[in-house]
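Biologist: Could you walk me through this one? I'd like to hear what stands behind each label you use.

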Amino acid sequence: MSKSLISRRPAFRRGAAAGGIARGTESPLNKLGWKPFFQQQLSLDELTDCDPVRVVAVHRSQIDVTGEAGEEPVRVSGPLFEDALKKPTVGDWLLLARDSRKPLRRLDRSSLFKRMAPGAKQAQLIAANVDNVLIVSSCNHDFNLSRVERYLALVKEAGCRACLVLTKADMSDDHEQYREVLKAYRDLPVVLVNALDSESVVALREYCESGETLALLGSSGVGKSTLLNSLAGSELAATSGIREDDSKGRHTTRHRALYTIPDGGLLLDSPGMRELGLADVSAGLSATFSDIEALASLCRFGDCAHDAEPGCAVQAAIESEELDERRLRNWRKLEREVARNSKTLAESRADERAFTKLVHHALKHSRSRKNKT
Ligand SMILES: Nc1nc2c(ncn2[C@@H]2O[C@H](COP(=O)(O)OP(=O)(O)OP(=O)(O)O)[C@@H](O)[C@H]2O)c(=O)[nH]1
Ligand SMILES: [Zn+2]
C-alpha cells in the first residue's frame, strides 16, 4: 500500500484529521475516535483542566497530536516516554495540561499492535486504539490461507474487530471455492469485492464509519490502496505527510500515520503497520486455532505431538477430513515462531533484571564504602 497509497493522496490537507466532515451532532473529538471507553478514564479535575489529544505521528524527539484545538507538536521527554511499552504510539490518546500543553498521561488503550523487529530483543509499539482491521487478500492464485491466519492471529491479539476482504472477485469465477475454505472461521466476516468498484465495497463502510479507526493489512498488490480509494469515494484517500522546511531550508515530508477518510472515520497507516510480524501473539493464536486446541485436548496423551501417537484426536480429524492438514502445519509453524519471539523477549527481560540487580549491588557497595570512610 505504501507508495501507491501515498502518491495518490496529494489533495489531503494539513490538519485534515482535526477538521473532518460535519456529521450530525458529533463533536470533533468523536470524529477523531474519542469514545466512552476513554471518557470514563478521566477524573473530574482532568475534565476541567486537560485536553484529550490523539497521536497522529511519532518522530524521534517529537510527537504530533491533534484534538479540539487542531494539530500541535509535543516534545518527547519526561517519565511518560521512558518505558518502551508504555510510551505513546500512533493512535494513542494523551491528556495535555490545558495551559502549558504538557503531556500529563496516556489513557488506557482499547487495542494495541506491537511487533518483533527482526533481530530486536524488545517488542516495538506500532499502533494503538485501532477498532477495525480489513485483512485484504485477492481471490486468485495469490490467495494464501496461512497468511490470512497469521494476520488474523495478529488482529485478535491486538484486540480489534477483523473482516476478511477478498479483492479481484471480478477476475475469478469460482467464489464458492473461497467461501468453502473459509467456513472454518465462523466468526470472521468475509466480503468479496471488486476493489475498483465503489458500489462493490459498500458492505465495508460499517468498518470505517465516522469515529471508527480502521487499518488495512495484506501483502503488496492485493488492492489495499484501490479499496481505500473506492471506500473514500475519490482518488484522494488521504495524505502521507506534512510538507515543511528542514533546518537547511529544504522541503521534507514529515510522515504522519493517521488520516481522515472523507465522509468516514480514520485510517491508521504507517510503515510499521505494513511490516507487522508476530510478537507475543499466543492469545491471538489460540483464538484463531481454537478448533485445533479443542481437538488436542481430546488426545489420549497430554503431551501428544499429534504425529503418530495412538489416540490422537487431531490426526483422527485430519483422516476424517474434518481438519485440514495445512492448518495443523501452519499452527505449528506460528507456534514455533511465537516460542522463538517469546524466548527473545524473556531473555531480554532477564538481561534487564540482571543489569538492574548489578546496578543496585554496585550502588549499595559504593554507599557502604562511603559510610566506612
Ligand atoms: N480487476 C481488479 N483489479 C484490482 C482489484 N483490486 C486491485 N486491483 C488492481 O491491482 C493492482 C494493485 O492494487 P493496489 O491497490 O495498488 O495494491 P496494494 O495492496 O495497495 O499494493 P501495495 O501498494 O504494493 O501495498 C492495481 O493495478 C489495481 O488496479 C480488483 O478488485 N479487481
Ligand atoms: Zn494428538
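Modeller: This is a predicted model, and the domain assignment of the protein gives domain 1 (21-112), domain 2 (114-118 + 124-277) and domain 3 (283-372).

Biologist: What makes you say that domain 2 is in contact with domain 3?

Modeller: Contact requires C-beta atoms within 7 Å. By that cut-off, 11 residues of domain 2 meet 10 residues of domain 3. Helix 6 gives the most on the domain 2 side, with nine residues. That side divides into six nonpolar, one polar and four charged residues.

Biologist: And where does helix 6 lie?

Modeller: Helix 6 (residues 145-158) lies across strand 8, strand 9 (161-167) and strand 11, at about 175 degrees to strand 8.

Biologist: How do you know that strand 8 and strand 11 pair?

Modeller: Pairing takes at least two bridges. Strand 8 (residues 132-138) and strand 11 (residues 213-217) have four, so they count as paired, and they run parallel. Val133 stands opposite Ala215 in strand 11.

Biologist: Why is strand 10 called an edge strand?

Modeller: The open sheet of six strands has the order 10-9-8-11-15-14, with mixed pairing. Strand 10 (190-192) and strand 14 (258-260) each have a single partner strand, so one side of each lacks a neighbour in the sheet. Neighbouring strands there are turned by 30 degrees on average, direction ignored.

Biologist: What makes strand 4 and strand 5 a pair?

Modeller: Again at least two bridges are needed, and strand 4 (residues 93-97) and strand 5 (residues 103-106) have three, in the antiparallel sense. Leu95 stands opposite Arg105 in strand 5. Their hairpin has five residues between the strands, and Arg101 takes a positive phi near 65 degrees.

Terms used:
Residues numbered from 1 in each chain as written. Chains lettered and ligands numbered in written order. Predicted model: local features only at pLDDT ≥ 70, side-chain atom pairs only at ≥ 80, totals over all residues. Helix = DSSP H or I, 4+ residues; strand = E, 2+ residues; numbered from the N terminus. Axes fitted to C-alpha atoms, helices over the stretch in contact; angles between N-to-C directions. Contact = placed C-beta atoms within 7 Å. Domains from an automatic or database assignment. Nonpolar A, V, L, I, M, F, W, Y, C, P; charged D, E, K, R; others polar.
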